[in-house]
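Here are some friendly notes to read alongside the structure. Take them in order, and keep the view open as you go.

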Amino acid sequence: RLVQLGRKGGRVADLFDLVVSCTYFRLPPHPRRIEIAAPITQVTAEQLEHAAERWRAVFAKAPQPRIALLVGGDSPLHCLDAATARRLGEQVRTFADAVGGTVFATTSRRTGPAAAEALQQGLGAASYLHFWRPGQEDNPYFAYLALADVLIVTGESESMLAEAAATGKPVYIYPLPERQPGRWARVKEWIVRRSQTQRLNARGSISPQQGLAYLCARLIERGIILPRQDLHVLHDTLVQRGNAHFFGEPLDLTRRPVAPEVDEVVRRVRRLMGMDEEKQSSETKQGDRPQASSFSLCLNSLSAARASH
């Protein structure tokens with residue numbers, strides 16, 4: 001059985017027995033496709049606790065609330081230039097000063113040197129800023145997830161948003177400016193819009209796609225054209241479900257709900273493997289350990305991800 005997690009590999013659902021995609025990928029519906037709001041995270045509670053030990057003393061001395069700023073950077077869809085980074089630092093510093101808190105910030109591999117320097121200037125000397133460097137062993141990212149009271153995440157990073165939301169802590173999304181799409185990106189968007197064109201027949205029912213609309217839809221279904229991700233969908237979903245706020249809203253320290261989407265993924269994978277949970281539970285109680293399947297590692301990974309929630 002083949003189960004594909006992710007966007008690029010799962011663009012053609014017919015190639016797999018099950019595909020797990022995020023809604024903001026904007027991939028076409030398919031009977032073998034599960035859509036979830038955010039990527040599945042592999043961060044576990046044990047991993048966070050281990051990372052927290054190194055930084056616990058630093059956080060303990062800092063005025064509360066302790067605000068972690070998780071900064072991404074340039075991506076194909078978004079841009080973090082020096083001006084934006086400085087503005088981000090200034091606004092987060094103002095936010096922290098207003099509530100009497102402390103900022104713990106960290107850059108990432110996509111944060112350019114100019115943006116990192118501008119961010120430091122914007123945050124000021126009272127904040128703690130960790131600069132990401134290649135091959136660095138002592139990275140406080142997971143400790144920030146574990147120890148902070150509030151998490152502010154730049155909106156272009158799907159993985160950091162997912163990992164922040166999985167903690168159940170207050171999360172604030174700071175959207176970054178979008179890049180203007182190039183000519184080929186605009187052509188692909190035209191194909192996507194055209195593929196969604198529907199005709200009504202004389203009875204008012206939707207007719208099968210024909211002509212150009214049919215051709216455009218087939219280009220997407222076969223993975224020749226990949227729709228542009230829409231992170232607005234991810235942001236709006238997290239906010240509507242109560243997992244996050246947009247930056248600029250008042251401070252809310254209420255613990256947030258965690259959507260157990262990984263549970264549904266695990267159920268679908270087990271069903272695909274023909275695993276009878278009630279029978280397996282009975283056999284386990286009798287001391288007869290079920291034989292490991294070729295998919296056990298993936299199931300363990302998903303279960304570990306759920307444990308972190």
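**Notes for a first look**

1. Let us begin with a pair of helices. Helix 2 (residues 82–99) packs against helix 3 (residues 113–123) at an angle of about 25 degrees, and their axes are 7 Å apart. Angles under 35 degrees count as roughly parallel, and helix 2 and helix 3 are therefore roughly parallel to each other. The crossing of helix 2 past helix 3 is right-handed. Please keep in mind throughout that this is a predicted model.

2. Which residues bring these two helices together? From helix 2 come A82, A85, R86, L88, G89, E90, V92 and R93, and they meet A114, A115, A118, L119, Q121, G122 and L123 of helix 3. Sorted by class, the residues of this contact between helix 2 and helix 3 are nine nonpolar, three polar and three charged.

3. Six strands make up an open sheet with parallel pairing, in the order 6-5-4-7-8-11. Its edges are strand 6 (128–130) and strand 11 (245–246), each of which pairs on one side only. Within the sheet, strand 4 (residues 66–70) and strand 7 (residues 150–154) are paired in the parallel sense over four bridges. A handy place to look is L69, which stands opposite I152 in strand 7.

4. The two helices from the opening point return here. Helix 2 packs on the sheet and touches strand 4, strand 5 (102–106), strand 7 and strand 8 (171–174). The direction of helix 2 makes about 165 degrees with that of strand 4. Helix 3 also packs on the sheet, where it touches strand 4, strand 5 and strand 6. Its direction makes about 170 degrees with that of strand 6.

5. T111 sits in the loop between strand 5 and helix 3. Is T111 buried or exposed? Its relative accessibility is 11%, and buried means under 20%, so T111 counts as buried. Apart from its neighbours within four places in sequence, T111 has contacts with V71, G72, G73, L80 and A116.

6. Another helix pair deserves a look. Helix 6 (residues 183–195) and helix 7 (residues 211–221) pack at an angle of about 115 degrees, and their axes are 8 Å apart. Helix 6 passes helix 7 in a left-handed crossing. On the helix 6 side, W190, I191, V192, R194 and S195 take part, meeting L212, A213, C216, A217, L219 and I220 in helix 7. By class, this contact between helix 6 and helix 7 has nine nonpolar residues, one polar and one charged.

7. Strand 2 (residues 18–22) runs parallel to strand 3 and is joined to it by four bridges. Here S21 stands opposite E35 in strand 3.

8. Finally, step back to the whole chain. The protein chain has 11 helices and 11 strands. Of its 309 residues, 43% count as buried. Among contacts between residues at least 6 apart in sequence, 64% join residues at least 24 apart.

Note on methods
Residues are numbered from 1 along each chain as its sequence is written. This is a predicted model: local features need pLDDT of at least 70, side-chain atom pairs count only at pLDDT 80 or more; totals for chains, interfaces and linings use all residues. Side-chain values use heavy atoms; hydrogens and water are left out. Axes are lines fitted to C-alpha atoms, for helices over the stretch in contact, and angles run from 0 to 180 degrees between N-to-C directions. Angles under 35 degrees count as roughly parallel, over 145 as roughly antiparallel, 65 to 115 as roughly perpendicular and the rest as oblique. A crossing is left-handed if the near helix is turned anticlockwise from the far one by less than a right angle, and right-handed if clockwise. Contact means heavy atoms within 4.5 Å. Ala, Val, Leu, Ile, Met, Phe, Trp, Tyr, Cys and Pro count as nonpolar, Asp, Glu, Lys and Arg as charged, and the others, Gly among them, as polar. Two strands pair if DSSP finds at least two bridges between them. Buried means under 20% relative accessible area, exposed over 50%, partly exposed in between (1.4 Å probe, protein chains only).
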